[in-house]
Amino acid sequence: MDKIDNFLGLLSSDQLLSDDIVSWHHEEARAGKFQPLPPDLHISLKNSLIAQNISDLYSHQIDAWNAIRAGKNVIITTGTASGKTLCYNLPILQSLTEHPNQTAMYIFPTRALAQDQLKSIIKFQQPDHTTNNAFNSSSPTIRASIIDGDTPSHMRPGIKGKVNFLLTNPDMLHIGILPHHTTWKRLFENLRFVVIDEAHTYRGIFGSHVANLVRRLIRVCHFYGSDPLFILTSATIANPLEHASNLVDKPFDLISSDGAPSHGRTMVIVNPTIINSELGLRRGANHEAAILAPHLLSHDVQSILFTRSRRSVELLLKEITNKNDVPSGWIRGYRSGYLASERRSIEAALKSGELRMVISTNALELGMDIGSVDAVVIIGYPGTLAAIRQQAGRAGRRHNRSAAIFIASQNPIDQYLVNHSDYMITNPVEKALINPDNLAILYAHLRCALFELPFLEREKFGALDDETVLQILRAIEETREVRITEGKAFWTGSTYPASQVSLRSAGGDRVHLYVREESENLVRIGEVDRDSATWMVHEGAVYLHQGEAFLVRSLNLEQGEAIMEPSWMDYYTEPVRELNIEIVETIDECQNVDLIKFVAEALVSSSVTGYRMITWAKREIVGTHPLSLPPNETLTECLGISLSSQVVNNIKQLGLWTSEENNYGPEWASLREQVRRRDGYKCRVCGIGEGKQQHHIHHKVPLKAFTSRDEANTISNLITLCPSCHRKAENVVRLRSGLSGLSYILHHLACLFLMCDIEDLGRYSEPQSKLADGNPIIILYELAQGGTGLSRALFGQPEDLLFRAKDLIASCPCLDGCPSCVGPGGEAGLGGKQETLAIIDELLIHSVHG
């Protein structure tokens, strides 16, 4: 038996681990389909392949060779570790051997991928041992360089004018290359190939930005007289040709018949055991992974543990290292925010086998060569089925059998998947959806395109017609940033528009992280994007880096720096956020007497108003502190569902409506004054005193939990809270109301069936909302600026989602609501499970379709 068999045998025999296993899925090995090297392959390239122990090619590599040599744009969607890199490197190197002036641009979504792919290119530069020349003159002259945020400034001028292979990423192309295209004249004049690797990652708002970036790239190429071929690679997606055409505005050929061998994989589905049957609470997915980790290490199984967030990377790393005697250098974290040198060191140690375990975000999901990893552990649903399969495919890349373990969290998506495992294993993967013609994105990129080159009369922008282009240019003209004269539009603004446009949520301005040493010297240890800084490195935050804790002493957003120092606190911190939604304009509406359903443009404002301190040992909240930080505002789209008073009355008659406005009684005013005076007119949570407005009085145990109002209003059950803390306290209780329970489960299931990430949508519910004339409302809003069409898709097909929500709630074993169905209850909240089912029944009876 090999080490994978031994490890899987342990899983099946150890009771603590085996009791949590829901199902096993075995993927059999598959033989490869091989073909001889192309007869017209240049001898130097043939010799390079032989030196790399490659004597023939997979069938899909030959398919790609033939299509690219025929001058076709292609998208390659074969599986992980199937040699997609050689699919494009070989024909491009052949062409550059035949036409030495040609150039190629490779675009990767991450810096790590660019570093990895540079190595694959320079393998083809063969030394000539028969002469004094460094390289054989008959082999292709490779002048490959990376330009990204890690490239030192002093090296960049030397790259321009010399490079024939440029490796970069969308952010650098956007902000550092296209706006300065005149300094890259030789590259663009001779650009024959553009490779866009991992094209499936360009979806949603990021993909919509990249599609417009490609439009700008093609426009600059045409200015210099070039018309490059586009070669895309992707994980398996449901709409490869559609996605490629939307991304590049050109027709494509599909290379999808995978000729690479597969060496077999076992996938294990794990659902952590229930530790509180009444509340339906399960052992945490991270804790389950921490139990599994020492067994992976002891069986010499090199592994990657994929988590959902940067914070989870550090928490899990700390838990594993604190509880186990792990040799130094065996386990590391990997995520964005680490310095480039640290990331390169981790990648090299993983590939060499020196590193036995890496805890990573999806930063290691993409196709860099990471060596002979034996197993992956996927901790929680990573956002798409494609991501599950991509992460599982990171193991077994060196012709070995592998294992993938999916550990479900308590989220409804995860619970749906473990109870419908065939959906996860065999269901077709998702579509990659983008909206290049999102008006906000178009406006931003047309400003950038204007800065790069004037627009000519009746000029299109990719597939966008000239009339729409002119309308947007006229809108920009009103800002006095463009002058339209004699059939041309010229940029006249004084700003640098690319610097004002972030392609992705982690883009834009960066905040550098510094640790103050005992000598008072500041040492830079990483960076975060500006939006993340307000919740990750606010003053008082405990920031985790490679399992070490640092206390943030100051955050200066204007200067883009956070100062911290080593921390020995027995707690970590968690941000407290506040949300406000305003409806700007209704886009579409469907209503009858009892229900209103609408899609609208909405302004969503979120801010970090404080933070909680939570002990490492028992996860107990030991304190809260207020913060005053600027809000983040997003103009986006949302779906709203509002219930009429008649629907509410129907549920009340069943005795299930818990969101009725409270009647506090005639003595409430004097009780309020008495409690405020007792508490010194200060909030009992954050300690802030009253200002111009009086603080609120909150029932510790909810009023509705009592049969007697007098018992509910006893002084010992009342507490003074500021408005912000009161909202948070009410939200804790409201999580178990049916209304919020429905928003909770719809939010999670919508992300699964819309095939989007959980972070693409937010949720909001209010029992007496000004947005619905005082009636109850549920809102699912898009987190992307301008929206990407998710709300409109929900507007068109809600019934199937409601039926699935009802099925999941009804089959959940909890008594009264839990994180796996309608959400966790407050410490003393009322039950929401039956109420949520009653609301769903009312929605289905009255037909959400209107």
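Modeller: This is a predicted model. Start with Arg458, which sits in the loop between β19 (455-456) and α19 (466-477).

Biologist: Why does Arg458 count as exposed?

Modeller: Exposed means over 50% relative accessible area. Arg458 has 58% relative accessibility, so it counts as exposed.

Biologist: Where does Arg480 lie?

Modeller: Arg480 is in the loop between α19 and β20 (482-485). Its phi is positive too, near 65°, and Arg480 is a residue other than glycine. Arg480 counts as exposed because its relative accessibility is 74%.

Biologist: Now strands. How should I think about the side chains along one?

Modeller: In a regular strand, side chains alternate between the two faces of the sheet. For a case of pairing here, take β22 (residues 510-516) and β23 (residues 522-529), which run antiparallel.

Biologist: How many bridges join β22 to β23?

Modeller: There are 7 bridges between β22 and β23. In one of them, Val511 is partnered with Val528 of β23. The hairpin of β22 and β23 has 5 residues between the strands, and Glu520 in this hairpin has a positive phi near 75°.

Biologist: How many helices and strands does the protein chain have?

Modeller: The protein chain has 28 helices and 34 strands. Its radius of gyration is 29 Å, close to the 29 Å that the globule rule gives for 850 residues, so the chain is as compact as a globular protein of that length. Along the principal axes, the C-alpha atoms fill a box of roughly 100 × 80 × 65 Å.

Biologist: What percentage of the residues of the protein chain count as buried?

Modeller: Buried means under 20% relative accessible area. In the protein chain, 54% of the 850 residues count as buried. The chain exposes about 36000 Å², with carbon and sulfur atoms supplying 49% of that area.

Biologist: And how do I read contacts along the sequence?

Modeller: Look at how far apart the partners are in sequence. Taking contacts in the protein chain between residues at least 6 apart, 71% join residues at least 24 apart.

Biologist: How far apart are the mean positions of the positive and negative charges?

Modeller: The protein chain has 81 positive and 97 negative charges, and their mean positions are 4 Å apart.

Key. Residues are numbered from 1 along each chain as its sequence is written. This is a predicted model: local features need pLDDT of at least 70, side-chain atom pairs count only at pLDDT 80 or more; totals for chains, interfaces and linings use all residues. Side-chain values use heavy atoms; hydrogens and water are left out. Helices (H or I, at least four residues) and strands (E, at least two) are DSSP runs, numbered from the N terminus. The radius of gyration is taken over C-alpha atoms; the globule rule is 2.2 Å times the number of residues to the power 0.38. Buried means under 20% relative accessible area, exposed over 50%, partly exposed in between (1.4 Å probe, protein chains only). Contact means heavy atoms within 4.5 Å. Accessible areas come from the Shrake-Rupley method with a 1.4 Å probe; for residues, only the protein chains shown count as cover. Lys and Arg count as positive and Asp and Glu as negative; His and the chain ends are not counted. The place of a charge is taken as NZ of Lys, CZ of Arg, CG of Asp or CD of Glu. Two strands pair if DSSP finds at least two bridges between them.
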